[in-house]
Amino acid sequence: MGIIAMALTSCKEQAEQPWIVDRFDDIKIIRYEVPEFENQSLNDKILIYYLAEAAKSGRDIIFDQNFKYNLTIRRALEKIYTSYEGNKECPQFVAMEKYLKKMWLANGIHHHYSNDKFKPEFSREWFSEQWDKCGVESQVEKETILEAIFNENLYAVRLNQAKGADVIATSAGNYYSGLTQKEVEKFYNKMIKRAGNDPCPIMYGLNSRLVKENGKIFERTYKIGGLYGEALERVVYWLEKAKEVAEEPNKSIIELLIKYYKSGDLRDFDAFNVAWVKNTDSNVDFVNGFTEVYGDPLGYKASWEAIVNFRDQKACERTKIISDNAQWFEDHSPINPAYRKEVVKGISAKVITVAMLGGDTYPTTPIGINLPNSDWIRKEHGSKSVTIDNITYAYKKAAQGGGFAEEFVLREEDRARMKEYGKLSDDLHTDLHECLGHGSGQLAPGTTGTELGVYSSALEEARADLFALYYLGDDKMVEIGLVPSFDVAKAQYASYVMNGAMTQFSRIELGKDVEQAHMRNRKLISEWAIELGKKDNVIEWVVKDGKRYLVVNDFQKLRTIFGEQLREIQRIKSEGDFEAGKALIEKYAVKIDQDLHKEVRERYYALNIEPYSGMVNPEYELVMEGDKIVDVKVSYPANYIEQHLHYSKNYSFLPSLN
Ligand code: ZN
């Protein structure tokens, strides 16, 4: 381990930003802390330790799910990286190090957000030479791997969602093998049809790879004894230990999860989820399984992820107030009364402190969780919504002092409000979005909820965001003691429209459209609001010294506009008005003004703030007295490279090809 992180910051900056431990390409790496861990009970600390080991043990799975040669490539790069004896300052080695860091961040060789394959900045010849010199052992021919890395046209996109394309045949993801989109759709439609009117339908295809071999199409299920069995065995090994120390209901919940990993039966997974969603009382909680379907262009297959967490007591009081008032919010929503829910149910609101991230949530992480995804379970038993406070806090800390506000926020009064209320307003926005927004409203009779097709995710996110934006500025928020004044909403409104109509474009390559659902939703809301407020000059573009700024002139009117937008988006959802939804998205959410895009990127990159972030996990250590565990200690490593090499050495259980 020769090279220390390629930090670009000066010592002075590092002193100001100890939260950032590494930076490369468009990425910054942040460490997060686990406040109050020391004050948990010994039993909970041990439970967290075992669940954390389980979370780390499935790391290889997500690499393999993202692309069939990812594990082979990662191992080859790590082998060369650790046994290289040449000059480590040489541009080829430095470029390979950057590539490897990007690969760890994305759990593969495709960008985690744009899905495009990384372009290596080291040469094919140099890499090929090192491969031989360092004695890389591989089940796959060297030439095949060189092609995978260096041939731009091969495996170019992990997840292709382009209109008119065969999204399965053209995606490099490893959820399907040898199949076309038509074949996959036919396979699952048949399966869904055969199930008929099952009131509790499983999520078909969720935990398997669909394969076509010798003309036969079949599923290879992720389970012990099946696909990814070697890693799942280790996951279960730690879950067994966790079960030993867990109290009810966690003990039974972990038992159900173990049963599912052994059987691979999605009915078992549902049984686990039903028990899991009902448990809102335990201090320690976790996600561990094949969960989110964003990586599959058709949305059947889930990536493996894990999160271990415990309750953030203080912040929980905040969301309890929100959920206690859920019915009031629903009854006063500015939507058509026919589309309000008469009785709001199934809301459980909780703020958590993350203790460990694994699989698809590491190193890039969500800031909220709303699970399970099964529709019938959500309907019958509700869902668990949580926001992750310590992760949000780490993001905030890492963003401070980067000169961002000075560059993009014109007025000092806005900057001051963002500084004072930024965290509170973001937290409340997330709480309102997750705890109330998604669960609010109802469909008109005859609407099934599937009408909005490819536009549904962006419209649904817009609905939840608008709910949050509208209520953040309500007097009710002051009345129930969540905010001191309307200034909190002002801070959020100013930063929201600036981000949606401007600064978020820094994350998109020039010439490309906005594709990601959350980004589309923010652009939609912001640009549509600018349009709606035009006649009253509610939001204004101001040019100063050749730079563009967005300024909100009338915050109360903007709030009214958010209400109008919410009303319309709710109508579109309730009535399943595909054409209206499509028109809004296509008009406001997709195309970026090219001049503005260029300007934003130039100004943003001049600040040297990377648009994407990843996390470094904390580490836990058992303190023993003889063979008795007397404590668990947490520490915060500050070296991204060491953490990944450590994981690859100690938590890598799959063969290179699966
Ligand atoms: Zn959402």
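Predicted model: local features only at pLDDT ≥ 70, side-chain atom pairs only at ≥ 80, totals over all residues.

User: What makes H433, H438 and E461 donors of the zinc ion?

Analyst: Donors are N, O and S atoms within 2.8 Å of the metal (3.2 Å for Na, K and Ca); water is not among the atoms, so sites may look incomplete. The zinc ion is coordinated by NE2 of H433, NE2 of H438 and OE of E461, at 2.1 to 2.2 Å, so these atoms meet the 2.8 Å limit. Along the chain the donors follow the spacing H-x4-H-x22-E.

User: Why is H438 called buried?

Analyst: Buried means under 20% relative accessible area, exposed over 50%, and partly exposed in between (1.4 Å probe, protein chains only). H438 has 19% relative accessibility and therefore counts as buried; H433, at 7%, is buried as well.

User: How do you know that C316 is in no disulfide?

Analyst: A disulfide is a pair of cysteine sulfur atoms within 2.5 Å. The nearest cysteine sulfur to that of C316 belongs to C435 and is 9.8 Å away, too far for a bond. The structure holds zero disulfides. C316 is buried at 8% relative accessible area, and C435 is buried at 5%.

User: What makes a set of residues a nonpolar core, and which residues touch the most other members of the largest one?

Analyst: A nonpolar core is a set of buried Ala, Val, Leu, Ile, Met, Phe, Trp, Tyr and Cys residues joined through side-chain atoms within 4.5 Å. The largest has 88 residues, of which L51, L239, I254, Y261, F290 and Y620 touch the most other members. Helix α2 (residues 42-57) contributes nine residues, the most to this core; helices (H or I, at least four residues) and strands (E, at least two) are DSSP runs, numbered from the N terminus. A second, separate core of 73 residues includes C435, M477, I561 and I569.

User: Why is the contact between K98 and E121 called a salt bridge?

Analyst: A salt bridge is a side-chain nitrogen of Lys or Arg within 4 Å of a carboxyl oxygen of Asp or Glu. For K98 and E121 the N to O distance is 3.0 Å, so the pair qualifies. K98 lies in helix α5 (residues 91-106) and E121 in the loop between α5 and α6 (124-133), so the pair ties together parts that are 23 residues apart in sequence. K98 is partly exposed at 24%, whereas E121 is exposed at 53%.

User: How do you know that K557 and D554 also meet in a salt bridge?

Analyst: Their N to O distance is 3.9 Å, so the pair falls within the 4 Å limit. K557 is partly exposed at 38%, and D554 is partly exposed at 25%. The structure holds 51 salt bridges.

Methods. Residues numbered from 1 in each chain as written. Heavy atoms only, no water.
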